[in-house]
Structures are given as C-alpha cells and as structure tokens.
Amino acid sequence: MQNLTHVKNLKEDIAAVLETNPVWRNHILQIIDEIKSKFPDSKIDIYVFNPSTGVFTIYYALAKEEGYLYLPNYYILVKNPTETRLYFGALEASGSSMTFPQLLQEYYNGSLTALLMSVTWGGKDERDSDIIESLGAQYRSYRSDLSDGTVTEFFTFRDGKWRSCEASSPDRLFNAYVEKNQTLVSQIFFKIRPRDKGAFFNFSNADISLEEYVDMATAKKRNIYYSGAPDVCDICRFPLSHEKFMVDGAVQGDLPWANMCADCFCAYGVKIGWGHGQLYKREADKWLLVGGFNPDSE
Ligand SMILES: [Zn+2]
C-alpha cells in the first residue's frame with residue numbers, strides 16, 4: 001500500500017474489470033482507500049472474478065460440477081504484517097424476482113433461444129447488473145476482522161458504511177438465495193439443462209419434434225379435451241398458456257406422470273402412445289387430444 005504507483009494501477013484495473021458491475025467497483029475502490037488510510041504499511045492479496053453472465057451465473061452454479069466456482073466473487077486479504085482483515089464479495093438474495101418467462105420477455109424478446117445464443121459469444125452480458133437484480137439477487141460486500149487467524153468481528157456494507165452482522169460465507173449466501181427463489185431457480189435449471197450439451201447449446205424447437213405425433217383426423221373424430229388442465233408445466237413451472245403443445249405422460253425414471261411443456265417432454269418424457277403419454281394441442285383456451293389415443297376406444 002506504500003507504493004503509490006501500484007495502488008494507482010490497481011484502482012485502474014479494478015475500474016476496468018468491473019465495468020459492468022458498478023456496485024462492486026465502487027465498494028472495492030472505497031475499500032482500497034480505506035486500507036490505505038487505516039493500514040498504510042500493509043500488503044494486500046486481491047482476487048476478483050466477475051463473469052457478468054446474468055442468468056447463466058445461476059445456471060452454472062447449479063448445473064456444473066463445483067458450481068460455486070462459477071459464482072462471481074472477490075476477496076481482499078490485508079496483511080499488516082499478519083492477516084488482519086478479509087473483505088469479500090458475494091451474490092445474495094435481495095428483493096423479489098421476476099419469473100423466468102418475465103425475464104426472457106424483458107431481456108431476450110421472450111426467446112429462450114436468444115438467451116442461449118448469447119453463450120456462443122461468451123455469455124457476458126452488458127446488462128448483467130440489471131439482470132442480477134431481476135433475478136432477485138444483489139452483489140454484496142462483507143468484511144471480517146481477524147486476530148490470530150480467527151474472526152473477531154463481521155460486517156456488511158450497507159448505505160455507505162460497514163454495519164455489524166452475523167458471519168456468513170459466499171456459498172451459504174448463495175444457498176439462501178436458491179432456497180428463497182426455488183420456482184425461478186428450477187425454471188432456469190429445467191429449461192436450460194436439456195439444451196446444455198457441454199461445449200454448446202441445442203437451439204432446436206421442441207414443437208417441431210412433436211408435430212410428427214399429431215393425428216388430426218382421429219383427433220377431430222374423437223373430440224376429446226383435457227378438462228381441468230394445469231396452468232403451468234409440472235417440471236419447469238413455465239406457464240402453458242403460450243405453449244402450442246402439452247403432454248400428459250410418463251417421466252423418465254420411476255417418477256409420477258406429469259403435465260409437461262414440449263421442451264420438458266423432449267428432455268424428460270418417455271414417448272407419445274397409449275400407456276406412455278397423451279399429446280394435446282392448444283385450441284383457443286382448450287387442449288385437444290391429438291396423439292397417444294386409446295386404441296381400444298372409438
Ligand atoms: Zn416444462
């Protein structure tokens with residue numbers, strides 16, 4: 001901290017790397033000033049990971065092995081000369097979140113494909129700080145004061161100053177976020193997971209693969225409608241009101257039958273056919289049975 005050139009370069013680097021994250025940028029710049037005035041002879045270790053991946057931040061944390069490694073975070077360890085203070089940043093729950101369909105509407109014209117395409121150029125989204133807010137999360141900063149390697153006091157940064165709070169950690173804060181936003185989190189997970197082929201994402205449209213099972217002649221003859229159809233897909237919890245197809249069918253593994261959207265059927269369903277799954281097509285606000293008929297009834 002005595003080397004003014006180092007400190008100046010560091011601040012410039014922080015400002016650049018956190019261009020899309022004004023919250024942490026301001027926090028860290030302020031923290032550096034704080035360290036400079038409070039511990040002018042100290043050395044610091046600093047690490048910043050700010051992927052700016054919006055929705056994928058949540059998805060990767062859930063879907064990847066050691067997913068915590070994909071969560072944005074930073075730490076600054078102050079040595080004066082022993083370890084005196086640790087600052088760190090974590091993502092945590094804030095106010096209410098949008099639903100996933102609302103979020104797709106707001107940022108990706110309602111298109112899941114548009115969201116998935118963004119990954120092909122790295123997944124970095126300039127609107128990350130807004131998206132994070134819409135996901136019901138926020139970038140937060142914490143400080144723990146250390147003495148002989150143990151935490152003596154713990155603070156969070158709020159409204160411009162450090163306030164005493166209960167000790168926590170980035171993974172605990174993220175788990176609390178998941179707990180609080182279960183519906184949104186499972187929407188993100190179940191909707192993206194089937195498209196995730198590891199190195200790339202599959203953009204194909206699930207409706208097209210269901211078209212081949214449609215038997216309109218038999219459908220018109222039998223004229224069977226689904227009564228009491230659910231509002232949302234049992235698996236991804238997306239509203240079914242915008243869907244063209246719905247499947248009432250068996251789910252892979254020994255799971256109970258489910259009402260599924262086309263995406264979830266393609267990912268988690270078994271097949272269309274009597275005893276396996278019935279295919280329904282939207283007609284105004286009703287669902288007409290168009291595939292998987294009972295062969296014994298006329
Ligand atoms: Zn679904």
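Tutor: Happy to! First, the term: on a 1 Å grid over the protein atoms alone, a pocket is an open set of points where a 1.4 Å probe fits, with protein on both sides within 12 Å along at least five of seven lines, and its lining residues have an atom within 4 Å of a point. This is a predicted model, in which local features need pLDDT of at least 70 and side-chain atom pairs count only at pLDDT 80 or more, while totals for chains, interfaces and linings use all residues. Residues are numbered from 1 along each chain as its sequence is written, and side-chain values use heavy atoms, with hydrogens and water left out.

The largest pocket has 21 lining residues, and nearest its centre lie Gly110, Leu112, Lys191, Glu243 and Asp263. Two or more lining residues come from each of helix 4 (100-108), helix 5 (112-120), helix 9 (206-211) and helix 11 (262-268); helices here are DSSP runs (H or I, at least four residues), numbered from the N terminus. Helix 4 gives the largest share, three residues. The space inside is about 550 Å³, a volume being the space filled by probe spheres set on the points, which are joined across faces, edges and corners.

By class, eight lining residues are nonpolar, seven polar and six charged. Here Ala, Val, Leu, Ile, Met, Phe, Trp, Tyr, Cys and Pro count as nonpolar, Asp, Glu, Lys and Arg as charged, and the others, Gly among them, as polar. The pocket lies between domain 1 (4-195) and domain 2 (206-291), because both give residues to its lining; the domain bounds come from an automatic or database domain assignment.

Now back to Asp263. This residue forms a salt bridge with Arg195, the closest N and O atoms being 2.7 Å apart; the term means a side-chain nitrogen of Lys or Arg within 4 Å of a carboxyl oxygen of Asp or Glu. The pair links distant parts of the chain, 68 residues apart: Arg195 sits in the loop between helix 8 (182-192) and helix 9, and Asp263 in helix 11. With a relative accessible area of 9%, Arg195 is buried, and Asp263 counts as buried at 17%. Buried means under 20%, exposed over 50%, and partly exposed in between (1.4 Å probe, protein chains only).

The whole structure has eleven salt bridges.
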